Amino acid sequence: MNPIRYMHLDVFAASPGGGNHLGVVTDARGWTDADMQRYARWTDLVETTFLLPPSDPKASYRVRIFTPEKEIAFAGHPSVGSAHAVLECDLAQPQDGVLWQECGAGVLPIRVESNGPQRVLMLQSPEARVVKTGLHAHPLLSATLDSIGLGKLPPALVDGGRRWWLAECVDEASLRAWTPDHSAIGALAVASGSMGLCAFARSSHPDYQLVVRAFPSGVGIVEDPASGAANGLIAAYIAHAEPHGPLARGYAVSQGREMGHDALLIAHIVDGTIWIGGRTNTVIDGTLHWSP
């Protein structure tokens with residue numbers, strides 16, 4: 001049993017402890033699929049990632065992403081957090097300010113902005129498409145949203161790396177106070193093959209322009225404190241629906257306060273390309289004693 005460097009990270013945090021947990025095994029060479037799944041089940045984190053040398057010559061490194069139940073092709077906060085670990089462990093260096101991450105969704109660029117504690121990592125989201133829109137786009141959608149006032153944009157099912165139902169709510173206060181019907185969201189997720197529902201509202205706060213709450217009932221999670229992939233789909237939907245609107249070039253997102261977190265995500269929209277990112281804090285940096 002060879003000791004391996006292991007990191008526990010706080011991804012997209014606006015304040016210490018405010019982001020999303022991520023465990024990173026920094027050298028998973030020699031680990032089988034079953035080994036990785038066994039360890040991810042033991043950590044019981046939303047996601048645990050495993051770093052490997054790239055198999056694609058274009059990539060800087062390779063990452064495999066596991067929930068406690070299964071491997072997934074792509075997720076936002078595990079990608080940003082894994083890139084942070086790669087830089088902290090000096091496993092790869094940016095080329096022209098970009099790391100290239102190989103994962104199940106392909107080889108994706110991650111821009112490295114600034115250094116040290118102020119470093120921001122921006123992940124290019126997979127291309128997204130709006131599958132359907134409207135309150136009656138699915139027979140279960142209307143009842144799922146019955147207890148919240150809706151905003152300007154119609155609800156939509158959007159697909160890109162992950163599949164989410166998106167719903168704009170009437171205002172920030174209503175969204176933050178909302179107690180959704182989680183069983184209804186779960187039924188909608190299962191029936192539509194989606195992650196669940198991601199609700200958002202516009203804000204006039206000086207530090208952020210959007211508030212987001214994500215309910216990934218489709219994978220057994222009640223609420224997610226910081227959702228990179230889901231925020232990428234929201235940005236893609238806004239860019240599609242309001243190409244000349246006030247948010248069409250980007251904005252900041254507050255997420256997680258309703259569950260005791262404090263995440264801040266940044267969305268950049270450049271010529272239709274979506275970049276989602278933020279800062280990552282290292283909470284634990286130690287040695288993993290584990291026999292795969």
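Student: How far from the ring centre of Trp275 is Arg111, which lies over the face of that ring?
Tutor: Before the number, remember that this is a predicted model, where local features need pLDDT of at least 70, side-chain atom pairs count only at pLDDT 80 or more, and totals for chains, interfaces and linings use all residues. Residues are numbered from 1 along each chain as its sequence is written, and side-chain values use heavy atoms, with hydrogens and water left out. A charge sits over a ring if NZ of Lys or CZ of Arg is within 6 Å of the ring centre and within 35 degrees of the ring normal. Arg111 lies over the face of Trp275, and the distance from the ring centre is 4.3 Å.

Student: Okay, on to strand E3, residues 48-52: how many of its residues are buried?
Tutor: Strands (E, at least two residues) and helices (H or I, at least four) are DSSP runs, numbered from the N terminus. Buried means under 20% relative accessible area, exposed means over 50%, and partly exposed is in between (1.4 Å probe, protein chains only). Both faces of E3 are covered, with Thr48, Phe50 and Leu52 buried on one side and Thr49 and Leu51 on the other. The buried count for E3 is five of its five residues.

Student: Which residue in E3 is the bridge partner of Val24?
Tutor: Two strands pair if DSSP finds at least two bridges between them. Strand E2 (residues 20-25) runs parallel to E3, and three bridges join them. For Val24, the partner in E3 is Thr49.

Student: And which residue in E4 is the bridge partner of Leu51?
Tutor: This time E3 pairs with strand E4 (residues 61-66) in the antiparallel sense, over five bridges. The E4 residue bridged to Leu51 is Val63.

Student: What hand does the β-α-β unit of E2, helix H1 and E3 have?
Tutor: Look with the strands pointing away from you: the crossover is right-handed if the path from the first strand over the helix to the second runs clockwise. The helix here is H1, residues 33-43, between E2 and E3, and the unit is right-handed.

Student: Which parts cover the buried residues of H1?
Tutor: The buried residues in H1 are Asp35, Met36, Gln37, Tyr39, Ala40 and Thr43. Contact means heavy atoms within 4.5 Å. The covering parts include E1, E2, E3, E4, strand E5 (71-72) and strand E17 (280-288).

Student: How many aromatic pairs does the structure hold, and which type is Tyr6 with Tyr39?
Tutor: Rings of Phe, Tyr and Trp (its six-membered ring) pair if their centres lie within 6.5 Å; planes under 30 degrees apart count as stacked, over 60 as edge-to-face and the rest as tilted. The structure holds nine aromatic pairs. The ring centres of Tyr6 and Tyr39 are 5.9 Å apart with planes at 85°, so the pair is edge-to-face.

Student: How many residues apart in sequence are the parts that the Tyr6 and Tyr39 pair ties together?
Tutor: Tyr6 sits in strand E1 (residues 4-11) and Tyr39 in helix H1, so the pair ties together parts whose separation in sequence is 33 residues.

Student: Is His261 buried or exposed?
Tutor: His261 has its place in the loop between strand E14 (250-255) and strand E15 (263-270). Its relative accessible area is 17%, so His261 is buried.

Student: What is the relative accessible area of Pro57?
Tutor: Pro57 lies in the loop between E3 and E4. Pro57 is exposed, with a relative accessible area of 82%.
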